[in-house]
Amino acid sequence: MRLTFVPRTLALAALLAAAPALAELPATLRIATDAESPPYSIAKPDGSVEGYEIDLIKVACEKMAVECIVEVSDFSGMIPALNAGKFDVIMASMSITDKRREVIEFSVPYGGTGNTMAALKGSGLEDLPTTDGKLSLLDPQTPAMLATMAEMLKGKVIGVEAASVSADFAKTNFGAVAEVREYQKSDEITLDLLAGRVDVMVNGRSYIFNAIQQPQNAEMMLVGPVFDEGMFGLGTGLGLRKQDTELKAALDAALTATAAEGIMKALSEKWFGFDVTPASLR
Amino acid sequence: MIELSFIWEAFLTLLPGVPLTLQLAAVSFVLGAALAVPVAMMRMARNRILAATAKLYITVFRGTPLLLQIFLIYYGLAQVDFIRHGPLWVLFRDPYFCAILALTLNMAAYASEAVRGGLLSVPHGQIEAARAGGMSRPLMLRRIILPLAMRQSLPAFGNELIIMIKSTSLASMITVMEITGLASRLMSETYRVVEVLLAAGAIYLTMSFLSARGVRALEHWLNPQLRNVAGGMPELERGAA
């Protein structure tokens, strides 16, 4: 998919002031997405992609006055492909973690949805304590609430995506009392939750909100609060090669401007139904 | 860039997966081999229904990818009502059981053809001699036909064992955390793919090599004619490697 944008003189001028390194940017940016995490990016039947990330990068590329080519690629091969120079940017709803920072660089976050949980209706886990809004992991009340939840999750199987922030969270807080089972893909956890092999799933809020709305998942429901900040606070970022510092500066400036102008909020409300703008950019 | 120190780190992370991998391979190999004998007998039976059933089973399991079989047994059967809500669910809810079942059924389908080949290769002269000696059919089967058939199909079984060790990697697709499961977790944790795959490859290669050696030694022991070759060298072309 090719997105070409005519630079807007005003936006370009504003950005040139903010990021003097712009002159060093390549004329074309190759961006890899996995199109497997709706509504971040969604593969359409005709082979093209759409979603929050696609709209967002369109705006960012326009601000940077570069041509952007979005290509669909397999998630597992993306980092080597990035470091091998096959792409310039990874845009695949990738959580920023310290371990990944050892290999690649991240842009400022452009999404911070927090994590929540899902279980089957009638499983008893719908009684897990909850809150009206987000529950900050930094809140002094949170450890007590997590202890109550651990008590209720004793002996249960918790499904998480392998090596995700949700997996760290589940292991840290419930690993001592429950079995944390790791899956390659979120949809596989959903299948096993419906089959009764998994009692509760911990996943990104956007995935769970999306999944419980699917008719085939009618038995599934949201349980517990939406956890945010702490280990979830780093959010989702674009993956970049470590040496591409000019590109990082330009993308950071473009994303920050997008958030400041309210475009990020508008796009996330369009795709997620709520604001995913990370606290640091608000 | 490939970092040597990280390959070593990956190697150490994957080693704890070796016992589970070997266990999956050994259990499925033994059960599969045991199941292969009756399947081969059925396949050769005069009763047409028995023969056709065995043929269908062999064709289906040899004609479809193992990954598909694992998925169908794990995710597919979970949607069948009498399994999902019946007494068998205790077994089928367990990913380890589903992996063993799929590997065993797959192995048995291939191995039964090896057994059949072995049975067909027993020289007629030997059977005639046994008959002339007045052996009953069960005795003849136990003393003459099966030992000869087994020895004949041993190289094929050696291949099956190595294929089985490699096939266990597919169990990672249904959350069984053997070597490949640990490898894919490490890859998504660190995003270093090449180093992890190299470490995993080295471990699988070592296991395959050692089992090939083991099978060859067994074959050597069971075939006196191989040992009597002048110079004491076994025939290197034979065997399971």
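These legends walk through several close-up views of a predicted model. Local features are kept at pLDDT of at least 70 and side-chain atom pairs at pLDDT 80 or more, while totals for chains, interfaces and linings use all residues. Residues are numbered from 1 along each chain as its sequence is written, chains are lettered from A in the order in which they are written, and side-chain values use heavy atoms, with hydrogens and water left out.

**View 1. Chain B is built from 12 helices and zero strands.** Helices here are DSSP runs of H or I with at least four residues, strands are E runs of at least two, and both are numbered from the N terminus. Along the sequence the pattern reads α-α-α-α-α-α-α-α-α-α-α-α. The C-alpha atoms of chain B fill a box of roughly 70 × 60 × 25 Å along the principal axes. Of the 241 residues in chain B, 45% are buried (buried is under 20% relative accessible area, exposed is over 50% and partly exposed is in between, with a 1.4 Å probe and protein chains only).

**View 2. Arg192(B) and Glu102(A) join the two chains through a salt bridge of 3.5 Å, N to O.** A salt bridge is a side-chain nitrogen of Lys or Arg within 4 Å of a carboxyl oxygen of Asp or Glu, and the structure holds 18 of them over all chains. Arg192(B) sits in the loop between helix H10 (179-190) and helix H11 (193-222) of chain B, and Glu102(A) in the loop between helix H4 (98-101) and strand E8 (105-106) of chain A. Arg192(B) is buried at 13% relative accessible area, whereas Glu102(A) is exposed at 52%.

**View 3. Glu182(A) meets Arg185(B) in a salt bridge with the closest N and O atoms 2.0 Å apart.** This pair also crosses between chains, from strand E12 (residues 179-183) of chain A to helix H10 of chain B. Glu182(A) is buried, with 7% relative accessibility, and Arg185(B) is partly exposed, with 21%.

**View 4. Within chain A, Asp244(A) and Arg241(A) form a salt bridge at 3.2 Å between the closest N and O atoms.** Asp244(A) is buried at 17% relative accessibility, and Arg241(A) is buried at 10%. Through shared partners, salt bridges link Arg30(A), Asp88(A), Arg241(A) and Asp244(A) in one network.

**View 5. The second largest pocket holds about 470 Å³ of space.** Its lining has 14 residues, and those nearest the centre are Met44(B), Leu119(B), Ile127(B), Arg137(B) and Ile145(B). At least two lining residues come from each of helix H7 (95-120), helix H8 (124-132) and helix H9 (137-167) of chain B. The lining comprises 10 nonpolar residues, one polar and three charged. A pocket is an open set of points on a 1 Å grid over the protein atoms alone, where a 1.4 Å probe fits, with protein on both sides within 12 Å along at least five of seven lines; lining residues have an atom within 4 Å of a point.

**View 6. Ile2(B), Val194(B) and Leu198(B) make a nonpolar surface patch with about 260 Å² of accessible area together.** Patch members have over 30% relative accessible area and no salt bridge, with nonpolar side chains joined within 5 Å and like charges within 9 Å. Ile2(B) lies in the segment before helix H1 (4-14) of chain B and is exposed at 52% relative accessible area.

Conventions:
Accessible areas come from the Shrake-Rupley method with a 1.4 Å probe; for residues, only the protein chains shown count as cover. Grid points are joined across faces, edges and corners, and a volume is the space filled by probe spheres set on the points. Ala, Val, Leu, Ile, Met, Phe, Trp, Tyr, Cys and Pro count as nonpolar, Asp, Glu, Lys and Arg as charged, and the others, Gly among them, as polar.
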